[in-house]
Amino acid sequence: MNNTTAGQYRGGFGVNGGAAGGGSKTVGRWLKDRREKKKEETRAQNAQLHAAVSVAAVAAAVAATAAATAASSGSGKDEQMSKTDMAVASAATLVAAQCVEAAEAMGAEREHLAAVVSSAVNVRSAGDILTLTAAAATALRGAATLKARALKDVWNIAAVIPVERGMGVGNNGHPNGNYSGELVPEENFLGICSQELLARGCELLKRTRQGELHWKIVSVYINRLGQVMLKMKSRHVAGTITKKKKNIVLEVCKNMPAWPGRHLLEGGEHRRYFGLKTEMRGLVEFECRNQREYDIWTQGVSRLLSIAGEKNNKHRRS
C-alpha cells in the first residue's frame, strides 16, 4: 500500500501539498501566479496611463510653440508662410486637445493632467522640448515592454489546474462527477488562456473588400447563445474608440495568400494571413506579424468553434 500511494503522488501533489517533480503546480502556486499576473496587468495599465500623459505633454508643448511661431509671423513679410504657420498651430492644438482627452479617458487625474500640460505649455527652448520628447518615448517603450511581457506570460505558463473529473476522464481512467483535485494536461490550461486572450482582443490589420487597410481592435468570444462572435472596434486618431461591429463567425480560413506589396515592408517575409468567414460580412481578412501570432488566432478561433459546436450538439440531443 505504501508503494502504491507513493506511486500515485509521483509527478503530482506531495503529501504536504507541495509540488513534486515533473513540472506540476499546486493549486496554491497557480493562484499565486494568477495574482502576480494581475499585478503585471496593473503595472502595464499604469505605464500606459503614464505614457498617455507624457504624450499629451509633448503635444501641448508643440501646440504652444506652433501658436507662438504663428503669432510672431502674423505681422511678418510672407503672407503664405503666415497662413501655413496658423494652419500648423491649429492642427497642433487639435491634436493636443485629443491627446489630453484620451489621457483623461484612460483614468488620468484632472489636476495632475492640468499641471503637466500647464508646465509643458510654458516650455520654449529646444532643450526642454527634447527632454519632454525623450521622456515620452521612454514611457511608450516601457508601456510596450510591460504589455509584451504580460502577453508572453499568458502563453509561456507551464501550469496545470484542477478540474472536475466529470468534465473529462481522470488519470486513472474512471470518470466521476465528484471533484477529485486531479490535474489535467497543461494544454487545457493554455486553452483557457487562449480564450481569455482572444476575448480581450488586440490590434490586427484588416483588409476591406476594396483593398483598403485599417487597424482594428479584434476580439473573438462565445456569446450567451453559444455563437462564436467577431468584434471589431475602430480607433480615432487620439485612441478613442468610435465604432463597434459584431459578426457571427462560421469558419477559419488559414494560409491565405499574402496581400499585394506587403512583402516589401520590413519583416514582410514573416507576415501571415488568415480570414474569418462571417454570417453577415462574408470573409474578413487579417494580417499577423509572425507565425506565432498567426497560430494564436487560427488555432484559438478554431478551438472556440469546436467548443461552440459541441455545446450546440448537446443542446440538440437534449
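**Chat about a predicted chain**

Q: How many helices and strands are in the chain?
A: The chain has 7 helices and 8 strands.

Q: And what part of the chain is buried?
A: Buried residues account for 35% of its 318 residues.

Q: What share of the contacts between residues at least 6 apart in sequence join residues at least 24 apart?
A: That share is 53%.

Q: Which residues in the largest nonpolar core touch the most other members?
A: They are V220, L230, F274, L276, F286, W297 and V301, out of 21 residues in that core.

Q: Which elements supply at least two residues each?
A: On the helix side, α6 (186–200) and α7 (291–317) do. The strands are β4 (213–222), β5 (228–235), β6 (241–253), β7 (272–278) and β8 (282–288).

Q: Which of them gives the most?
A: Helix α7 does, with 6 residues.

Q: What does W297 touch?
A: Leaving out residues up to four places away in sequence, W297 touches L198, C202, L204, V218, S219, V220 and F274.

Q: What other core lies apart from that one?
A: Another core, of 12 residues, lies apart from the largest one; A52, A108, L113 and V117 are among its members.

Q: Switching to α4. Which residues are buried there?
A: L113, V117 and A120 are buried in α4.

Q: Where do those buried residues fall, seen down the axis of α4?
A: They fall within an arc of 60°, so they line one face of the helix.

Q: What should α4 span, and how far apart are its ends?
A: Helix α4 covers residues 110–121, which is 12 residues. At 1.5 Å a residue it should span 16 Å, and its end C-alpha atoms are 16 Å apart, so the two values agree.

Q: Where is T42?
A: T42 sits in helix α2, residues 27–72. It counts as partly exposed because its relative accessibility is 40%.

Q: Last one: what is the phi of N255?
A: N255 has a positive phi of about 50°, although it is not a glycine. Most residues other than glycine have a negative phi.

Q: Where is N255, and is it buried or exposed?
A: N255 is in the loop between β6 and β7. At 66% relative accessibility, N255 counts as exposed.

How values were computed. Residues numbered from 1 in each chain as written. Predicted model: local features only at pLDDT ≥ 70, side-chain atom pairs only at ≥ 80, totals over all residues. Heavy atoms only, no water. Helix = DSSP H or I, 4+ residues; strand = E, 2+ residues; numbered from the N terminus. Expected span 1.5 Å × (residues − 1). Buried < 20%, exposed > 50% of the residue type's maximum accessible area, 1.4 Å probe, protein only. Arc of directions from axis to C-beta. Core = buried A, V, L, I, M, F, W, Y, C linked by side-chain atoms within 4.5 Å. Contact = heavy atoms within 4.5 Å.
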